[in-house]
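Please keep the sequence and the model in view while reading.

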Amino acid sequence: MIRIDRLRYRYRAAQPLALDGVSLDIERGGIYGLLGPNGAGKTTLISLLAGLLAPQDGGITIDGEPLAVWRAVHPAAIALVPQDYAFYPMLTVAENLAFFAGVQGLPRRQRQENCAEAMAFACLEAVAGRRAGELSGGLRRRLNLAIGLTGAPEVLLLDEPTVGVDPQSRRFMLDAVKRFAAAGRTVLYTSHYMDEVEAVCADVAIIDHGKVLTAGTLADVRRGGASALRLTLVRPLPEALAADWRARFPAMTATDNRVDFPGLASDGLAPLLTELAAAGVAVEHVAYGAPNLEQVFMRLTHHSLRD
Ligand code: ATP
């Protein structure tokens, strides 16, 4: 278990806290999604877990041991794959892997084995001799991942690993993350792509302004949002009916041919459809149920644009 306990972090005096009392329990063996708008504190949290920043208040324990103590015993067991490309563009793929394996201080044979495994895991053998700076966006992301694997880590911290890649490379990356975790290892996965997080993460936390807004299993986090109804009509909602519904359902919104009812109980559904039929408005599509992760995310973090 990775236990994050009331963690606080401020970059400079007088600035707001980047992390303001974050507590999370991350089970070992699985993929944990860390979500939040720009500036929420995700990278700061990952940097603290990776040991790049030191906690100022609160703490992190792994299997009951303080992070620094655990790390001293298992120096390569937590690896960070950063958002930015972290390799030497003038070196080849193989040279980059050898270099980053080298700085981990592992015995030579172990280094060679780890590099071969990382290369195979990220399917980079065919480009082993190519300069990193000449690779496509998808291959660069795969090299970033492979470098993170050169220490054969138990815990992988992935900071937005699919930014700027095509759908095929995204699919590869998601499958790779699942393969990694299927071997009993742990992934902390940050992404702005909710569909990715829904596809691979069993547990998620949504943070904003350095605070945890919600955390738990994906199902629990989605259930935490009340059911919603979305109607797609063949034409815009007639004004008389719109005014009537607005008076009865203040949360309702109507845009073009779409009408949304957040927090509608299931027994409210049939009467609305009857009223539409009576008004002669045909319905093209009805969607009702628990909100998806994106809807929960937008509700909790609000819709205002972030810097
Ligand atoms: P993004 O999705 O944009 O990567 P994030 O959730 O990773 O955002 P952080 O990068 O952790 O957010 O930033 C949290 C807060 O700390 C923000 O207000 C940010 O401006 C601030 N911050 C981050 N890095 C530094 C730094 N090196 N010096 C000062 N403030 C920083």
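## Strands, domains and ligand site

In this predicted model, strand β1, which spans residues 2-9, pairs with strand β4, residues 57-62, in the antiparallel sense, and five bridges link the two. Within this pairing, R3 has T61 of β4 as its bridge partner. Both strands belong to an open sheet of four strands, whose order is β2-β1-β4-β5 and whose pairing is antiparallel. The edges of this sheet are formed by β2 (19-26) and β5 (65-66), each of which pairs on one side only.

A further open sheet, again described strand by strand, has the order β12-β13-β11-β14, with four strands and antiparallel pairing. Its edge strands are β12 (253-255) and β14 (283-289), each pairing on one side only. Between neighbouring strands of this sheet, the average turn is 10 degrees when direction is ignored. Strand β11, residues 228-233, runs antiparallel to β14 and is joined to that strand by six bridges; L233 of the chain stands opposite V283 in β14.

As for the domains, the assignment for the chain gives domain 1 as residues 2-222 and domain 2 as residues 226-289. The C-alpha centres of domain 1 and domain 2 are 43 Å apart.

Which residues come nearest to the ligand? Of the 15 residues around the ligand, these are G39, G41, K42, T43 and T44. Sorted by class, the shell around the ligand comprises four nonpolar, eight polar and three charged residues.

On its own, the ligand has 640 Å² of accessible area, of which the protein covers 63%. In general, the accessible area lost when the parts come together is often used to give the size of an interface.

Definitions and conventions. Residues numbered from 1 in each chain as written. Predicted model: local features only at pLDDT ≥ 70, side-chain atom pairs only at ≥ 80, totals over all residues. Heavy atoms only, no water. Near = heavy atom within 4 Å. Areas by Shrake-Rupley, 256 points an atom, 1.4 Å probe, with all protein chains shown as cover. Nonpolar A, V, L, I, M, F, W, Y, C, P; charged D, E, K, R; others polar. Pairing = 2+ DSSP bridges. Axes fitted to C-alpha atoms, helices over the stretch in contact; angles between N-to-C directions. Domains from an automatic or database assignment.
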